[in-house]
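I opened this structure to see how its parts are put together. These are my notes, in the order in which I looked things up.

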Amino acid sequence: MEAIEVYHISKRFGSVQALDSVSFTVRPGELFGLIGPDGAGKTTLFRLLTTLLTPDSGSAKVDGYDIVRDYLAIRSHVGYMPGRFSLYPDLTVEENLDFFAALFGVTVEESYDLVAPVYKQIEPFRKRRAGKLSGGMKQKLALSCALIHRPHVLFLDEPTTGVDAVSRSEFWDMLAGLKQRGITILVSTPYMDEASRCDRIALCNEGRILGIDTPEDIVHRFEERLYAIRADQMFPLLAQARQVEGVMECYPFGETHHLVADSRFDVGNFVQQLSGLDGLTIRPVEPTIEDVFIKWMKR
Amino acid sequence: MNDVVISVHDLTKRFGTFTAVNRICFDVFRGEIFGFLGANGAGKTTAMRMLCGLSYPSSGHGTVAGFDVRTEGEQIKRHIGYMSQRFSLYNDLTVWENMNLFAGIYGLSKRETEARSLRLLDRLDFSAEKGTLVGSLPLGWKQKLSFAIATIHRPEVVFLDEPTGGVDPVTRRQFWEMIYEAADHGTTIFVTTHYMDEAEYCSRVSIMVDGEIRALDTPTRLKEQFAAQSMDEVFRLLARGAKRGE
């Protein structure tokens, strides 16, 4: 049995097709990432799988239960951390955790071993009101509350958005720890650089899944030749590079521009044509997940 | 010197006994894209508020676009542009109304407002959306429009606060192309962000930890200096030792 099975799920809000026939499966114990920008449909998908919405068409199962028929069973078997901080700001850290334990009919003591690696980091602040915590600490409390009833499947909607790079990295370390305990995790993020922390990823955009693969293999789906180019003047470089024969695309990519080339492209010819630009360099590079995303978005 | 657009010396902000920003020093040059990074609570926002004329420094000096941050805050506000990821435009006004509103706030004449708004619409390829409510535009369009409006009064320097969070990779690159174009035309860009891949687009980057600037150089040289593969790694090496959170 798969941990999550989604078959041709669609959901529309007025004129907005939030999800358009989305299908994928997540294996038990897998850390599966949904990678995509705002408007990709990530939150809608989470709300469907946690039974807070029903689909217009299609079906899905979580932990073997149907999301429409068996919604009550699903609620006690999944943990959900919504994108927006949803704990009680006026309750203390400890009170929030006790409250969520009580809702699910468990005690903090019986789940402590599972929650501890996360909760211990905020336990020194257990008397502080949740509303007074820093962003990174709120996130750890929310994760603790989502784990208190020992869920089989964990849904985390953009847990690292707005959090600094150090806290983000620590958060992914915690997820790796939970995975070791056999929990299946579906996590969404708009940030491509977090994809490498997942077992498999789905790139999504505007209600569709563009492709699914492991972070290592997904970059092999980019077959064109790719170069990184630089010059002292980066803006004129963009416009001039796009004029050269064999250049399919040229776009800013951090310190360099990435240039996608077809078989007509010749490096010698390129350097000669752009000889008016100071500091010009060109070197072949391996594609990143972001290059794959751009290619699929334009397909 | 004419080419220094932002100049900061020993700029400090204390709240009671807490020193939020501790004697920071740096210069930003005309046409530069300057990345201003730091962990949550490092003091970035406080520093930026002083540079925008919104907060009075406890000690030290600073000038922005030739105006003193201690005595000429009002002048600074008129001569800079500011774009934040959130709340930058009015959702229930149209594209045209937003342009007119901000041009008016920056004190452009009616004729200038009209001419510049038309030119912006044309450049953004937005002419058909002139009467569209901003709230109904896709996120990527809103971001591009926000940037265009933040520069409608042709400021010498634009402050961007996490400009491309949550935007798709294609739109994000169109956005950076707009920034490169503005910088190429001599506008100075000051960007804050948590996202280190965004830092890679900057000419130079500073990293704040516990109220102090701990590193400042081009992304290439910072990566060499810290023997790191990416700016993310550089940042984590510096910020891991941070003593304070938010």
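Entry 1, a strand pair in chain A. I began with strand β4 (residues 57-62) of chain A, which is joined to β5(A) by two bridges in the antiparallel sense. Strands count as paired if DSSP finds at least two bridges between them. I looked up the partner of A:Lys61 and found A:Asp66 in β5(A).

Before going on I noted what I was working with. This is a predicted model, in which local features need pLDDT of at least 70 and side-chain atom pairs count only at pLDDT 80 or more, while totals for chains, interfaces and linings use all residues. Residues are numbered from 1 along each chain as its sequence is written, and chains are lettered from A and ligands numbered from 1 in the order in which they are written.

Entry 2, the sheet around that pair. I traced an open sheet of four strands in chain A, in the order β2-β1-β4-β5 and with antiparallel pairing. Its edges are β2 (16-26) and β5 (65-66) of chain A, each with a single partner strand, so one side of each has no neighbour in the sheet.

Which way do the residues of β7 (residues 153-156) of chain A point? I found A:Val153 and A:Phe155 on one side and A:Leu154 and A:Leu156 on the other, all of them buried. Buried means that 20 or more other C-beta atoms lie within 10 Å of the residue's own, exposed means 12 or fewer, and partly exposed is in between, with C-beta atoms placed from the backbone.

I then checked the neighbours of β7(A). Strand β6 (residues 78-81) of chain A runs parallel to β7(A) and is joined to it by four bridges. A:Met81 stands opposite A:Leu156 in β7(A). Strand β8 (residues 184-189) of chain A also pairs with β7(A) in the parallel sense, over four bridges. There A:Leu156 faces A:Val187 of β8(A).

β7(A), α6(A) and β8(A) form a right-handed β-α-β unit. Right-handed here means that, with the strands pointing away from the viewer, the path from the first strand over the helix to the second runs clockwise.

In the loop between β7 and α6 of chain A I stopped at A:Glu158. A:Glu158 is not a glycine, yet its phi is positive, about 45 degrees. Is A:Glu158 buried or exposed? It is buried, with 22 other C-beta atoms within 10 Å.

In chain B I looked at B:Arg154, in the loop between α5 (139-150) and β7 (157-161). B:Arg154 has a positive phi, near 50 degrees, and is a residue other than glycine. With 15 other C-beta atoms within 10 Å, B:Arg154 is partly exposed.

The domain assignment, automatic or from a database, gives domain 1 (4-219) and domain 2 (222-298) of chain A. Nine residues of domain 1 and 10 residues of domain 2 take part in the contact between them. Two residues are in contact if their C-beta atoms, placed from the backbone, lie within 7 Å. On the domain 1 side, β9 (200-205), β10 (208-213) and α7 (215-218) of chain A each supply at least two residues.

I found 26 residues of chain A in contact with 30 residues of chain B. On the chain A side, α10(A) gives the most, with five residues.

Chain B has nine helices and 10 strands. Buried residues make up 43% of its 246 residues. Its C-alpha atoms fill a box of roughly 50 × 40 × 35 Å along the principal axes.

Last, I looked at helix α1 (residues 44-51) of chain B, where the buried residues are B:Lys44, B:Thr46, B:Ala47, B:Met50 and B:Leu51. They pack against several strands of chain B, including β1 (4-15) and β2 (18-29). After α1(B) comes B:Gly53, with a positive phi near 80 degrees.
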